Amino acid sequence: MKHYDAEDWALAEKLPVLSLLSGLDVASLSKDYRVKTYPVFLPNEEYQFLHEAAVIEFHGVLHAAWYNCPVTELKGFTPIRGAKSYDGGKTWTEPEMLAQDPTGKILYCPPVFGICDDTLFLLMNQMVGADLIHSLDLYRYNEETGKYDFLWSRPIPFKLNTNVYHLPNGKLLLPGRIAELDGFPNTPAVLISDSGKIDGEWRLVKIAENGDMPDGSKLVHPELSAVIQGETITIFCRDDQRQVPILYQSHDLGETWHGPFAHDIPLIGSKIYSDTLSDGRHYLIGNLYTGIRYDRSRLALLFSESGEMRFTHGLILQDGPGADLPGGICWHYPVAWEADGRLYVIYTVSFGDPVRGAALSVVQLG
(Lines give C-alpha, C1' and ligand atoms only; values in the text may rest on other atoms or scores of the structure.)
Protein backbone atom coordinates (compact mmCIF):
# COMPACT_ATOMS: atom_id res chain seq x y z
CA MET A 1 0.00 0.00 0.00
CA LYS A 2 1.54 3.27 -1.11
CA HIS A 3 0.50 5.13 2.05
CA TYR A 4 2.47 2.83 4.38
CA ASP A 5 5.69 4.02 5.92
CA ALA A 6 8.34 1.62 7.26
CA GLU A 7 6.57 1.16 10.61
CA ASP A 8 3.25 0.50 8.87
CA TRP A 9 4.88 -2.18 6.73
CA ALA A 10 6.35 -3.77 9.85
CA LEU A 11 2.81 -4.32 11.12
CA ALA A 12 1.22 -5.18 7.75
CA GLU A 13 3.73 -7.95 7.09
CA LYS A 14 2.72 -9.66 10.36
CA LEU A 15 -1.02 -9.70 9.55
CA PRO A 16 -3.08 -11.93 7.25
CA VAL A 17 -4.72 -9.80 4.56
CA LEU A 18 -8.36 -9.93 3.48
CA SER A 19 -9.20 -8.47 0.07
CA LEU A 20 -12.44 -6.48 0.21
CA LEU A 21 -12.20 -4.39 -2.96
CA SER A 22 -13.53 -5.85 -6.21
CA GLY A 23 -12.40 -3.79 -9.17
CA LEU A 24 -13.16 -0.51 -7.39
CA ASP A 25 -10.68 2.34 -7.89
CA VAL A 26 -11.41 4.40 -4.81
CA ALA A 27 -9.23 7.27 -6.05
CA SER A 28 -11.66 7.83 -8.94
CA LEU A 29 -14.78 8.22 -6.80
CA SER A 30 -16.68 11.48 -7.16
CA LYS A 31 -19.69 13.34 -5.80
CA ASP A 32 -23.00 12.93 -7.64
CA TYR A 33 -26.62 14.02 -7.74
CA ARG A 34 -27.77 11.44 -5.18
CA VAL A 35 -26.30 13.41 -2.27
CA LYS A 36 -27.81 16.49 -0.64
CA THR A 37 -26.05 18.07 2.35
CA TYR A 38 -27.49 20.29 5.07
CA PRO A 39 -26.06 21.89 8.24
CA VAL A 40 -27.29 20.42 11.52
CA PHE A 41 -25.50 22.77 13.90
CA LEU A 42 -22.83 25.37 13.17
CA PRO A 43 -20.45 26.86 15.74
CA ASN A 44 -21.72 29.95 17.54
CA GLU A 45 -20.59 32.18 20.37
CA GLU A 46 -21.94 29.78 22.97
CA TYR A 47 -20.60 26.51 21.52
CA GLN A 48 -17.50 26.59 19.34
CA PHE A 49 -16.86 22.85 19.42
CA LEU A 50 -19.14 19.96 18.44
CA HIS A 51 -18.12 16.33 18.03
CA GLU A 52 -19.25 12.70 17.68
CA ALA A 53 -22.79 13.24 16.44
CA ALA A 54 -25.32 10.45 15.91
CA VAL A 55 -28.56 10.30 13.91
CA ILE A 56 -31.63 8.05 13.74
CA GLU A 57 -35.13 8.15 12.23
CA PHE A 58 -38.09 7.37 14.49
CA HIS A 59 -41.75 7.66 13.52
CA GLY A 60 -40.97 10.01 10.63
CA VAL A 61 -38.69 12.34 12.61
CA LEU A 62 -34.90 12.54 12.45
CA HIS A 63 -33.21 12.76 15.84
CA ALA A 64 -29.60 13.96 16.15
CA ALA A 65 -27.39 14.20 19.24
CA TRP A 66 -23.78 15.21 19.87
CA TYR A 67 -21.45 16.49 22.54
CA ASN A 68 -20.68 20.20 22.74
CA CYS A 69 -17.92 22.23 24.35
CA PRO A 70 -17.95 26.02 24.70
CA VAL A 71 -14.42 26.36 23.35
CA THR A 72 -12.00 23.42 23.63
CA GLU A 73 -12.67 19.71 23.17
CA LEU A 74 -13.39 17.84 26.40
CA LYS A 75 -12.28 20.64 28.69
CA GLY A 76 -14.73 21.49 31.44
CA PHE A 77 -18.43 21.80 30.63
CA THR A 78 -19.24 19.10 28.04
CA PRO A 79 -22.98 18.40 27.69
CA ILE A 80 -24.94 16.24 25.28
CA ARG A 81 -27.27 18.31 23.12
CA GLY A 82 -29.71 17.31 20.39
CA ALA A 83 -32.10 18.49 17.72
CA LYS A 84 -34.89 17.12 15.53
CA SER A 85 -35.78 17.44 11.85
CA TYR A 86 -39.31 17.06 10.52
CA ASP A 87 -38.39 17.52 6.84
CA GLY A 88 -35.76 14.86 6.18
CA GLY A 89 -32.78 16.81 7.47
CA LYS A 90 -33.25 20.06 5.55
CA THR A 91 -33.96 22.09 8.70
CA TRP A 92 -33.44 21.39 12.39
CA THR A 93 -34.98 22.58 15.62
CA GLU A 94 -32.99 24.69 18.03
CA PRO A 95 -30.69 22.39 20.03
CA GLU A 96 -31.85 21.33 23.48
CA MET A 97 -29.90 20.04 26.44
CA LEU A 98 -30.13 16.25 26.85
CA ALA A 99 -27.56 15.65 29.62
CA GLN A 100 -25.18 17.93 31.49
CA ASP A 101 -23.09 18.51 34.58
CA PRO A 102 -22.89 22.29 35.07
CA THR A 103 -19.82 21.89 37.29
CA GLY A 104 -17.82 20.40 34.40
CA LYS A 105 -16.55 17.56 36.59
CA ILE A 106 -18.49 14.95 34.57
CA LEU A 107 -18.06 15.13 30.81
CA TYR A 108 -20.53 13.43 28.44
CA CYS A 109 -19.51 11.61 25.27
CA PRO A 110 -20.57 10.21 22.79
CA PRO A 111 -24.31 9.73 22.20
CA VAL A 112 -25.70 6.82 20.16
CA PHE A 113 -29.24 5.67 19.42
CA GLY A 114 -31.18 2.43 19.28
CA ILE A 115 -34.75 1.30 18.62
CA CYS A 116 -36.32 -1.65 20.42
CA ASP A 117 -39.99 -2.64 20.80
CA ASP A 118 -41.01 0.50 18.89
CA THR A 119 -39.23 2.65 21.48
CA LEU A 120 -36.37 5.06 20.87
CA PHE A 121 -33.40 4.95 23.25
CA LEU A 122 -30.38 7.20 23.68
CA LEU A 123 -27.12 5.91 25.17
CA MET A 124 -24.09 7.94 26.21
CA ASN A 125 -20.93 7.81 28.34
CA GLN A 126 -20.03 9.77 31.44
CA MET A 127 -16.32 10.62 31.70
CA VAL A 128 -14.09 12.07 34.39
CA GLY A 129 -11.65 13.38 31.78
CA ALA A 130 -10.98 13.12 28.07
CA ASP A 131 -11.88 9.51 27.14
CA LEU A 132 -11.69 8.40 30.79
CA ILE A 133 -14.92 6.42 30.86
CA HIS A 134 -16.92 6.48 34.08
CA SER A 135 -20.29 4.98 33.13
CA LEU A 136 -22.78 3.91 30.49
CA ASP A 137 -26.06 5.86 30.70
CA LEU A 138 -29.42 5.09 29.12
CA TYR A 139 -32.37 7.35 28.29
CA ARG A 140 -35.78 6.55 26.75
CA TYR A 141 -37.58 8.96 24.44
CA ASN A 142 -41.02 10.05 25.63
CA GLU A 143 -43.14 10.93 22.59
CA GLU A 144 -45.76 12.66 24.72
CA THR A 145 -43.32 15.16 26.22
CA GLY A 146 -40.75 15.14 23.40
CA LYS A 147 -38.03 14.59 26.01
CA TYR A 148 -35.57 11.82 26.93
CA ASP A 149 -36.28 10.24 30.30
CA PHE A 150 -33.28 9.00 32.28
CA LEU A 151 -33.43 5.23 32.98
CA TRP A 152 -30.11 4.16 34.47
CA SER A 153 -26.37 4.73 34.81
CA ARG A 154 -24.08 1.72 35.16
CA PRO A 155 -20.32 1.60 35.92
CA ILE A 156 -19.41 0.05 32.56
CA PRO A 157 -16.21 1.74 31.22
CA PHE A 158 -17.11 0.99 27.59
CA LYS A 159 -16.81 3.81 25.05
CA LEU A 160 -19.65 3.80 22.54
CA ASN A 161 -19.02 4.04 18.79
CA THR A 162 -22.22 3.14 16.94
CA ASN A 163 -25.98 2.94 17.02
CA VAL A 164 -27.37 -0.38 18.27
CA TYR A 165 -27.14 -3.35 15.86
CA HIS A 166 -29.82 -6.07 15.78
CA LEU A 167 -28.37 -9.58 15.39
CA PRO A 168 -30.23 -12.33 13.48
CA ASN A 169 -30.51 -14.40 16.69
CA GLY A 170 -32.58 -11.67 18.35
CA LYS A 171 -29.74 -10.28 20.45
CA LEU A 172 -28.34 -6.74 20.28
CA LEU A 173 -24.75 -5.60 19.66
CA LEU A 174 -22.77 -2.47 20.53
CA PRO A 175 -19.17 -2.28 19.24
CA GLY A 176 -16.70 -0.11 21.13
CA ARG A 177 -13.70 -0.29 23.43
CA ILE A 178 -13.20 -1.11 27.08
CA ALA A 179 -10.89 0.01 29.92
CA GLU A 180 -10.66 -0.08 33.67
CA LEU A 181 -13.17 2.21 35.35
CA ASP A 182 -12.19 5.86 34.79
CA GLY A 183 -9.42 4.65 32.48
CA PHE A 184 -8.52 5.22 28.83
CA PRO A 185 -10.09 2.51 26.63
CA ASN A 186 -7.86 0.90 24.00
CA THR A 187 -9.13 -2.71 24.06
CA PRO A 188 -11.62 -3.52 21.26
CA ALA A 189 -14.77 -5.13 22.59
CA VAL A 190 -18.51 -5.50 22.10
CA LEU A 191 -21.50 -5.37 24.41
CA ILE A 192 -24.23 -7.97 23.79
CA SER A 193 -27.79 -7.84 25.08
CA ASP A 194 -28.87 -11.49 25.31
CA SER A 195 -32.46 -10.49 26.02
CA GLY A 196 -32.65 -8.33 22.91
CA LYS A 197 -33.67 -5.41 25.14
CA ILE A 198 -31.80 -2.12 25.13
CA ASP A 199 -32.87 -1.44 28.70
CA GLY A 200 -31.82 -4.92 29.86
CA GLU A 201 -28.42 -6.29 30.88
CA TRP A 202 -25.43 -5.90 28.56
CA ARG A 203 -22.66 -8.51 28.57
CA LEU A 204 -19.06 -7.62 27.66
CA VAL A 205 -17.08 -9.72 25.17
CA LYS A 206 -13.51 -8.65 24.48
CA ILE A 207 -12.46 -8.83 20.84
CA ALA A 208 -8.80 -8.90 21.91
CA GLU A 209 -7.13 -9.28 25.31
CA ASN A 210 -5.66 -5.80 24.98
CA GLY A 211 -4.71 -3.27 22.34
CA ASP A 212 -1.32 -4.79 21.52
CA MET A 213 -0.47 -5.28 17.83
CA PRO A 214 1.94 -7.97 16.55
CA ASP A 215 4.65 -5.39 15.75
CA GLY A 216 4.79 -4.12 19.34
CA SER A 217 2.64 -1.05 18.72
CA LYS A 218 -0.63 -0.45 20.53
CA LEU A 219 -4.04 0.39 19.17
CA VAL A 220 -4.86 4.06 19.62
CA HIS A 221 -8.51 5.16 19.47
CA PRO A 222 -9.76 1.79 18.17
CA GLU A 223 -13.24 2.96 17.23
CA LEU A 224 -15.26 0.07 15.85
CA SER A 225 -18.26 -0.53 13.62
CA ALA A 226 -19.80 -3.71 12.26
CA VAL A 227 -21.08 -5.50 9.18
CA ILE A 228 -23.32 -8.49 9.96
CA GLN A 229 -23.80 -11.25 7.39
CA GLY A 230 -25.38 -14.46 8.61
CA GLU A 231 -23.38 -15.76 11.57
CA THR A 232 -20.36 -13.61 10.65
CA ILE A 233 -19.67 -10.18 12.12
CA THR A 234 -16.89 -8.14 10.53
CA ILE A 235 -15.59 -5.31 12.71
CA PHE A 236 -13.74 -2.40 11.11
CA CYS A 237 -11.23 -0.81 13.49
CA ARG A 238 -9.57 2.58 13.45
CA ASP A 239 -5.94 2.74 14.63
CA ASP A 240 -4.15 6.08 14.98
CA GLN A 241 -0.80 4.39 15.69
CA ARG A 242 -0.45 2.82 12.23
CA GLN A 243 -1.99 3.48 8.80
CA VAL A 244 -2.79 -0.21 8.29
CA PRO A 245 -6.58 -0.75 7.95
CA ILE A 246 -7.58 -3.30 10.60
CA LEU A 247 -10.53 -5.62 11.01
CA TYR A 248 -11.65 -8.48 13.24
CA GLN A 249 -14.16 -11.24 12.54
CA SER A 250 -16.52 -13.42 14.53
CA HIS A 251 -18.25 -16.44 13.00
CA ASP A 252 -20.59 -17.08 15.94
CA LEU A 253 -22.35 -13.71 16.26
CA GLY A 254 -19.83 -12.09 18.56
CA GLU A 255 -19.00 -14.82 21.06
CA THR A 256 -15.44 -15.49 19.82
CA TRP A 257 -13.19 -13.33 17.67
CA HIS A 258 -10.37 -13.74 15.15
CA GLY A 259 -7.76 -11.23 14.03
CA PRO A 260 -6.47 -8.68 13.66
CA PHE A 261 -6.47 -8.81 9.86
CA ALA A 262 -5.30 -6.19 7.41
CA HIS A 263 -7.47 -5.28 4.43
CA ASP A 264 -7.14 -3.29 1.22
CA ILE A 265 -9.63 -0.43 1.64
CA PRO A 266 -7.67 2.80 2.32
CA LEU A 267 -10.14 4.36 4.77
CA ILE A 268 -7.68 5.66 7.34
CA GLY A 269 -6.99 8.59 9.62
CA SER A 270 -10.34 8.66 11.38
CA LYS A 271 -13.42 6.68 12.39
CA ILE A 272 -15.03 4.24 9.95
CA TYR A 273 -18.77 3.60 10.11
CA SER A 274 -20.31 0.45 8.66
CA ASP A 275 -23.66 -1.31 8.54
CA THR A 276 -26.01 -3.20 6.21
CA LEU A 277 -28.86 -1.79 4.14
CA SER A 278 -32.31 -3.35 4.01
CA ASP A 279 -31.57 -4.74 0.53
CA GLY A 280 -28.57 -6.74 1.84
CA ARG A 281 -25.82 -4.39 0.66
CA HIS A 282 -23.12 -3.48 3.16
CA TYR A 283 -21.62 0.00 3.34
CA LEU A 284 -18.54 1.72 4.73
CA ILE A 285 -18.08 5.43 5.39
CA GLY A 286 -14.70 6.94 6.16
CA ASN A 287 -11.83 9.19 5.15
CA LEU A 288 -10.01 8.14 2.01
CA TYR A 289 -6.24 8.37 1.88
CA THR A 290 -5.26 11.51 -0.08
CA GLY A 291 -1.48 11.32 0.01
CA ILE A 292 -1.27 13.19 3.33
CA ARG A 293 -1.09 11.24 6.56
CA TYR A 294 -4.19 11.66 8.76
CA ASP A 295 -5.92 13.88 6.19
CA ARG A 296 -9.71 14.01 6.66
CA SER A 297 -10.71 16.13 3.67
CA ARG A 298 -12.29 13.32 1.57
CA LEU A 299 -15.26 11.49 3.07
CA ALA A 300 -16.32 8.45 1.03
CA LEU A 301 -19.25 6.03 1.03
CA LEU A 302 -18.59 2.53 -0.35
CA PHE A 303 -21.15 -0.18 -1.16
CA SER A 304 -20.94 -3.94 -1.66
CA GLU A 305 -23.24 -6.07 -3.75
CA SER A 306 -26.14 -7.59 -1.85
CA GLY A 307 -24.96 -10.32 0.54
CA GLU A 308 -21.30 -9.91 -0.49
CA MET A 309 -18.29 -8.71 1.51
CA ARG A 310 -16.50 -7.19 -1.48
CA PHE A 311 -17.03 -3.52 -2.20
CA THR A 312 -17.69 -2.66 -5.82
CA HIS A 313 -18.92 0.95 -6.04
CA GLY A 314 -19.26 4.15 -4.09
CA LEU A 315 -19.28 7.92 -4.07
CA ILE A 316 -17.76 10.93 -2.37
CA LEU A 317 -19.79 12.71 0.29
CA GLN A 318 -17.28 15.53 0.77
CA ASP A 319 -14.14 16.36 -1.18
CA GLY A 320 -11.93 18.96 0.44
CA PRO A 321 -13.09 22.47 1.30
CA GLY A 322 -16.65 22.38 0.03
CA ALA A 323 -19.41 24.65 -1.13
CA ASP A 324 -21.89 22.51 0.84
CA LEU A 325 -20.73 24.27 4.00
CA PRO A 326 -18.49 27.26 3.25
CA GLY A 327 -15.40 27.19 5.41
CA GLY A 328 -15.62 23.46 6.05
CA ILE A 329 -12.17 21.86 5.84
CA CYS A 330 -12.44 18.34 7.28
CA TRP A 331 -15.40 15.95 7.36
CA HIS A 332 -15.09 13.07 9.79
CA TYR A 333 -16.63 10.84 12.51
CA PRO A 334 -19.60 9.61 10.47
CA VAL A 335 -22.68 7.81 11.81
CA ALA A 336 -25.51 6.70 9.52
CA TRP A 337 -29.09 5.43 9.52
CA GLU A 338 -31.25 4.09 6.68
CA ALA A 339 -34.91 5.07 6.37
CA ASP A 340 -37.43 5.65 3.56
CA GLY A 341 -35.02 4.72 0.78
CA ARG A 342 -32.37 7.13 2.00
CA LEU A 343 -29.15 6.87 3.97
CA TYR A 344 -28.78 9.69 6.47
CA VAL A 345 -25.10 10.34 7.25
CA ILE A 346 -24.21 12.77 10.03
CA TYR A 347 -20.62 13.84 10.63
CA THR A 348 -18.36 16.39 12.27
CA VAL A 349 -17.28 19.40 10.19
CA SER A 350 -14.05 21.19 11.06
CA PHE A 351 -13.80 24.88 10.23
CA GLY A 352 -10.27 25.17 11.60
CA ASP A 353 -9.02 23.89 14.93
CA PRO A 354 -10.80 23.81 17.33
CA VAL A 355 -14.00 25.14 15.68
CA ARG A 356 -16.39 22.33 14.67
CA GLY A 357 -20.04 21.77 13.78
CA ALA A 358 -22.15 18.99 12.25
CA ALA A 359 -23.67 18.31 8.84
CA LEU A 360 -26.02 15.72 7.39
CA SER A 361 -25.66 14.19 3.93
CA VAL A 362 -28.83 12.55 2.61
CA VAL A 363 -28.04 9.83 0.06
CA GLN A 364 -30.82 8.63 -2.23
CA LEU A 365 -30.49 4.84 -2.42
CA GLY A 366 -31.35 2.72 -5.40
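Contact here means heavy atoms within 4.5 Å. With that in hand, a few points on this predicted model.

1. **Ground rules.** This is a predicted model, in which local features need pLDDT of at least 70, side-chain atom pairs count only at pLDDT 80 or more, and totals for chains, interfaces and linings use all residues. Residues are numbered from 1 along each chain as its sequence is written, and side-chain values use heavy atoms, with hydrogens and water left out.

2. **Overall fold.** Among contacts between residues at least 6 apart in sequence, 51% join residues at least 24 apart. The chain has 1 helix and 26 strands; these are DSSP runs numbered from the N terminus, with helices being H or I of at least four residues and strands E of at least two. The radius of gyration is 19 Å, close to the 21 Å that the globule rule gives for 366 residues, so the chain is as compact as a globular protein of that length. For your own check, that radius is taken over C-alpha atoms, and the rule is 2.2 Å times the number of residues to the power 0.38. Along the principal axes, the C-alpha atoms fill a box of roughly 55 × 45 × 40 Å.

3. **Surface and burial.** Of the 366 residues, 61% count as buried, where buried means under 20% relative accessible area, exposed over 50%, and partly exposed in between (1.4 Å probe, protein chains only).

4. **The β20 to β23 sheet.** Here 4 strands form an open antiparallel sheet in the order β20-β21-β22-β23; two strands pair if DSSP finds at least two bridges between them. The edge strands are β20 (273-276) and β23, each pairing on one side only. From one strand to the next the twist averages 15°, with axes as lines fitted to C-alpha atoms (for helices over the stretch in contact) and angles running from 0 to 180 degrees between N-to-C directions.

5. Strands β22 (residues 298-304) and β23 (residues 311-319) run antiparallel and are joined by 7 bridges. The hairpin has 6 residues between the strands, and Gly-307 takes a positive phi near 75°.

6. **Arg-298.** Worth a look in the viewer: Arg-298 lies in strand β22 and is buried, with a relative accessible area of 13%. A polar atom of the Arg-298 side chain lies 3.1 Å from the backbone oxygen of Leu-29. Leaving aside neighbours within four places in sequence, the residues in contact with Arg-298 include Val-26, Ala-27, Asn-287, Ile-316 and Asp-319.

7. **Ser-22.** This residue sits in the loop between β1 (17-18) and β2 (35-41) and is partly exposed, at 32% relative accessible area. Ser-22 touches Arg-310, Phe-311 and Thr-312, not counting residues up to four places away in sequence. The C-alpha atoms of Ser-22 and Met-309 are separated by 9.5 Å, although the two residues are 287 apart along the chain.

8. Another 4 strands form an open antiparallel sheet, ordered β2-β26-β25-β24. β2 and β24 (330-339) stand at its edges with a single partner strand each, so one side of each is left without a neighbour in the sheet. The twist averages 25° from one strand to the next. β24 pairs with β25 (residues 342-350) in the antiparallel sense over 8 bridges, and the bridge partner of Cys-330 in β25 is Ser-350.

9. **Leu-173.** Leu-173, in strand β13 (residues 172-178), is buried with a relative accessible area of 0%. Among the residues Leu-173 touches, not counting those up to four places away in sequence, are Val-164, Leu-191, Trp-202 and Ile-233.

Terms used:
A polar contact is a pair of N or O atoms within 3.5 Å; within protein, one must be able to donate a hydrogen and the other to accept it, and residues adjacent in sequence count only if both atoms are side-chain atoms.
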